[in-house]
Amino acid sequence: MARQYPFSAIVGQEDMKRAILVAALEPAIGGVLVMGDRGTGKSTAVRALAALLPAMDAVADCPYGCDPLTPSGLCFFCDGLGKDLQTLKASVATIGKKTKPIKLKIIKRPVPVVDLPLGATEDRVVGALDLEKALTLGEKAFDPGLLARANRGFLYIDEVNLLDDHLVDLLIDVAASGENVVEREGLSIRHPAKFVLVGSGNPEEGELRPQLLDRFGLAVEVKTPSKMQDRVTIIKRRDAFERDPIAFLAEWQAQEDAIRQQLKVARKKLPQVKVDDKLLEQAAILCSHLGTDGLRGELTLLRAARAIAALNGKNKVTLEDLKAIAIPALQHRLRRNPLDDASSSTRIERALAEVFPV
Ligand SMILES: [Zn+2]
């Protein structure tokens, strides 16, 4: 496996890093949209974060990498394995031999990061009839697609704004439901497809429809660093990594371990983090002041603030947590105001200052 550039060695891009951490911790948020210049380490950040997550227990041979610890979420393939084992057990039992408890074979798998290339067909994404099997064996079998591989990991789409709207719609639906349903060519298949969707794009090359924008949980903007010092640091680190990845990784080991530990603690803490009514009210006031449509913005703001609190090792969400994630949670949900050409992030900063004066 190719060595992965460390997450902690990425220079700047704090908003992006924070958003990806939050989405990894709380997949219900609905993924991250990263808009901005090319070459700003978007793909590196996703891969680097996945590499920080502990390897997962998965059912061996399952094309969806099912989690053996949640039997209710097993796919049809694993269910089939379970049934085969049951039958085997039953037949062994009838001939009176000792039986062992049924166990699916479990392996460790790294958290997957799947790239969705621009030209990918729907078949390749959702899966399709396995033509070879159909033609040679006359069997109707399912050939899993990229969504199967992305289960329990990340699905990364570069230039999501250039992808067919219909496909983006489909991806967001699957990401939200955690299940891929394929009903065609005489197939009727559903399989688990829980993944964190990370879309990136350059707004100069085309915009996402507002209906799609709003369905991403968080949105961040990235820019090529303008400070000379940052640019020099980026080049120096890249060069050092490429010349001697082992030494570079050793140098960053402690920082990587710290983030790994932070994520581990946050995972444990998240279910217990409390949100009091006052904070809910503050979120509602902010959203209504900004005129964001619907409840999605408020819900995302709340979930993201809770994840931030967990990442900061806190038991309760404070206004500071909410402020820290307000821009990524809301900036893609503002309607254009013809009388105000300030950027969305500026409008949110202004609203925060007005609604919550220090
Ligand atoms: Zn499975």
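## Close-up views of a predicted model

**Figure 1. The whole chain at a glance.** Residue numbers start from 1 along each chain as its sequence is written. Along the principal axes, the C-alpha atoms of the protein chain fill a box of roughly 75 × 50 × 45 Å. Buried residues make up 36% of the 358; buried means 20 or more other C-beta atoms within 10 Å of a residue's own, exposed means 12 or fewer, partly exposed is in between, and C-beta atoms are placed from the backbone. Take contacts between residues at least 6 apart in sequence, and 73% of them join residues at least 24 apart (contact means C-beta atoms, placed from the backbone, within 7 Å).

**Figure 2. The five-stranded sheet.** Here's an open sheet with parallel pairing and the strand order E4-E7-E10-E1-E11; two strands pair if DSSP finds at least two bridges between them. Strand E4 (113–115) and E11 sit at the edges with a single partner strand each, so one side of each has no neighbour in the sheet. From one strand to the next, the twist averages 20°. Helix H2 (residues 42–52) packs on the sheet, touching E1, E4, E7, E10 and E11, and its direction makes about 170° with that of E7. For these angles, axes are lines fitted to C-alpha atoms (for helices, over the stretch in contact), and values run from 0 to 180 degrees between N-to-C directions.

**Figure 3. Strand E10 and its two partners.** How many residues of E10 (residues 195–201) are buried? Seven of its seven are. Phe195, Leu197, Gly199 and Gly201 are buried on one side, while Val196, Val198 and Ser200 are buried on the other. Strand E1 (residues 32–36) pairs with E10 in the parallel sense over four bridges, and Met35 stands opposite Gly201. Strand E7 (residues 153–157) also runs parallel to E10, joined to it by five bridges; Tyr156 has Val198 as its bridge partner.

**Figure 4. Inside the largest nonpolar core.** Of this core's 87 residues, Ile20, Val22, Leu218 and Leu301 touch the most other members. Such a core is a set of buried Ala, Val, Leu, Ile, Met, Phe, Trp, Tyr and Cys residues joined through C-beta atoms within 7 Å. H12 supplies the largest share, nine residues. Zoom in on Leu218: not counting residues up to four places away in sequence, Leu218 touches Ala19, Val22, Ala23, Ile29, Val32, Ala304, Pro328 and Ala329.

Figure 5. With 13 of its 16 residues buried, H12 is largely enclosed by the rest of the structure. Just after H12, Gly313 takes a positive phi of about 75°. Helix H13 (residues 319–330) has end C-alpha atoms 15 Å apart, which agrees with the 16 Å its twelve residues should span. Nine of those twelve are buried, so H13 too is largely enclosed by the rest of the structure. The buried residues of H13 pack against H1, strand E11 (218–222), helix H11 (277–290), H12 and helix H14 (344–355).

Figure 6. Most residues other than glycine have a negative phi. Gln13, not a glycine, has a positive phi of about 50°. Gln13 is found in the segment before helix H1 (14–25) and counts as buried, with 22 C-beta neighbours inside 10 Å. Arg152 isn't a glycine either, and has a positive phi of about 70°. Where does Arg152 lie? Look in the loop between helix H6 (146–150) and E7; Arg152 is buried, with 23 other C-beta atoms within 10 Å.

Terms used:
This is a predicted model: local features need pLDDT of at least 70, side-chain atom pairs count only at pLDDT 80 or more; totals for chains, interfaces and linings use all residues. Helices (H or I, at least four residues) and strands (E, at least two) are DSSP runs, numbered from the N terminus. Two residues are in contact if their C-beta atoms, placed from the backbone, lie within 7 Å. The expected span of a helix is 1.5 Å times one less than its number of residues.
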